[in-house]
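Trainee: Can we go through this model together? I want to know what stands behind each label.

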Amino acid sequence: MHSIMGLLFLLLALFAIGMFLLSHLNLNYSQQAMYELRRDQIQDVFFTGLVRIDARQIALERHVATLATIGETFYRLSREQPDSPKAQRQLQRQLEKTLQSHLETEAGVSGAGLWYQPGVVAPAGERYAPYLVKAGVGRPRMQSQSTDFRQTRWYDLTLGRDSARNPASSVSVYWSPVYFDMATERAVLTLAQPVISTGGELIGVATIDWASDQVVDLVSRMEVTQNSFAFLNDHNNRNLSSLSQNEDPVHEQKLIDAILAANLSGNDPKTPSVSGDSDPPENRLRTRALDVGGRLYELYYATTPAGMVYGAGVPKDEIDRVLVPMRDTNYRILLITGSILLVLSLYLLYRITQLMRELQASYTDALTGLPNRVRLLRDLQDRQEACLILLNLDRFKEINSLFGNDCGDAVLLAMRKQVRSFIRTHSHPFGRSPELYRLSSDEFALLGPGVAESRVRTFASELTEFLCAQRVIWQQQALSLDTSAGIAFQRESNDDAAPDRLLNQATIAVLQARDQMRQYLFYDQSQEVEKGYEKNVYWARRLKKAIETNALRPYFQPIHDNLQGTFTKYECLVRMEDSEHGVIAAGQFIEVANKLRLNRQITRIMVEKAFAAFATQPHAFSINLSYVDIIDPETLALILEHLRGSNVGERVIFEILESDGIGNYGDVLHFIDKVKSFGCRIAIDDFGTGYSNFSHLLKLNVDFIKIDGSLIRYLAQDHTAFLVTKGIVQFARSLGIKTVAEYVHSKAVQDRVVELGIDFSQGEYFGMPAAELLSPVGRKGRDK
């Protein structure tokens, strides 16, 4: 039981662990899916900003390229114009208007300029470099007209850095890092593109400025989570955007410092960017973790066509925060489901425990704690060979009756103790200790492996002698443990044999030991006692079937009146009619009927059919009743019902079996008084057997005595039987009781019957029981 309970708890634990793991895996899968979905959302927002930045930078590069084209166009116009100050001045005003118009139409540009070499769109030796800037909401104003571009800050940061570039070698757009323009007093980025003549000569540089406030406007704050942010760094790893929208400036500065410290710049600042020649945003995306003051961020960033780094940061805890409701719901479901399953499992364990206890109780005797009969039969099924010793306490019923059940229980517990003590202290033939069982009220059994009979004989003899020598003291009374033993062997496995066959054989042996007044006895196969039991089972089945199919019916045996010389009465005897075996006498099945307690049912059948048979006949008829029939209320009620419903009471004789053993003569007197009120007569059957109490005959007020056949059968040759019968006849005559001789089988016996003055004769000489009534015939008719 403990191992089974351990297995159940292990299964419960494995189930709980499995359910937890399954829930955990499901949660991880769901979290991963949700996390990927959240990341896709963040990336979508990021790509939206990146595409906007890319588009703006490409547009600026196109604008500066357009401005370079304008500069080259005016260079050609100046070559075509007369070389006069007035013409050059007109051309310059036209260029300034064009430049102003271009700057006004470009909303994202804060300044624009065309920086010519000396003598280009200007008198020889002079420079012309128109540079306009936006000032608030008004028209762009001229900031410079004759500055040498090689002396400007933007030139050092673009084309002239380290003198490593040949400006005339390409038409690339150059981006400067962010710098502070002293003239306009603001932070700007400058895009510079060389203006090249058709002959490949550098004639100047076209520039446009992108103010930092415009960068801040363009780099929008991400709205994925509450504390997400966006940034833009130039290729010198300087931050161009502002995080001033953050409510915590200190934390904002920490974020900027951490981003700058990460050095996310991707392009070489010395490498110019070519307009439109950039990878798709998906291929440029990079991610990394960023720890700022102990808070972890997921950083998404990519390099723009201008070599800048645009990025966005999202706190990881805020990404995970969207998973919290799902995680809480999952854990809540797990908790609720687990609680329900735990309660159900505990209840199931409780029920299984109860069932196992009940099962164990069904295999265990409650008083002694020993295995019981059910357990013995179960163990016998698993044995190939076995020896069973059945121990039966003698006179145990008397002990219970005299001293009560408490004393009986004490005797049984003492029996268990003494048998176990004997097994421990004495040698036994089984190799290992036999198992002790308690089968019924006073029966114990020892089950061991099959061994030689000679070895078991010594063991059984010593055991029974040991038990008979033991005493149990109960209320100063010494009670013995006298025991009878029956021993049976199972020599080989027989799958067709009933599990209780060995037990039945041991029971037969113990009953025979008691009958023979022996302490122990081995079951003897040659006695074929089991065949007698099989015969009883056979007749029990046939008897029940006969009752169900109405195959029991009365047969009538005539009773001869020796005075009148004719048949005046009939005895109704039960017979079983069988299509296969014919008519079967009651002697074949009446004993089985008594054991099955079907005798009263058979008597009621005979009462019904006998009254029906003689309802229209003039003859008297007798019905046999046992003491059990007389005290049965249903049988008495049936008899009285028929007596009331017919006028045959004076012709009815009830034969009471003296050999049946009358327990209470008061019950018999009550029955006799009832039926005699209808004119019925009473006969004592089988008189002369057992102990005949003549005083009871006087009380019962009987009308007939049927002298037992054991006296009548030998009446012709046994003088003792003749004298005993003569005494019975004289006694009956003195009381005015008629006599009937049974088993008259010959003329010699009938002659002695007549000689003794017996009133009636019945037997083979006059007729055997038949299904129909015989025609009246006298003794003379029989002699013929």
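Mentor: We take confidence, then a helix pair, then a pocket.

Mentor: This is a predicted model, where local features need pLDDT of at least 70, side-chain atom pairs count only at pLDDT 80 or more, and totals for chains, interfaces and linings use all residues. Residues are numbered from 1 along each chain as its sequence is written, and side-chain values use heavy atoms, with hydrogens and water left out.

Trainee: What is the mean pLDDT of the protein?

Mentor: pLDDT is the predictor's confidence in each residue, from 0 to 100. The mean is 82, and 87% of residues reach 70 or more. Over residues 267-277, pLDDT is below 50.

Trainee: Why is H16 called roughly parallel to H18?

Mentor: Angles run from 0 to 180 degrees between N-to-C directions, on axes fitted to C-alpha atoms over the stretch in contact. Under 35 degrees counts as roughly parallel. The axes of H16 and H18 (residues 633-645) come within 10 Å and cross at roughly 5°. Therefore H16 is roughly parallel to H18.

Trainee: Which residues of H16 meet H18?

Mentor: Contact means heavy atoms within 4.5 Å. Arg600, Thr603, Arg604, Val607, Glu608 and Phe611 in H16 meet residues of H18, including Glu634 and Leu638.

Trainee: What makes a space a pocket?

Mentor: On a 1 Å grid over the protein atoms alone, with a 1.4 Å probe, a pocket is an open set with protein on both sides within 12 Å along at least five of seven lines. Lining residues have an atom within 4 Å of a point. The largest pocket is lined by 37 residues. S20 gives the most, with five.

Note on methods:
Helix = DSSP H or I, 4+ residues; strand = E, 2+ residues; numbered from the N terminus. Parallel < 35°, antiparallel > 145°, perpendicular 65-115°, else oblique.
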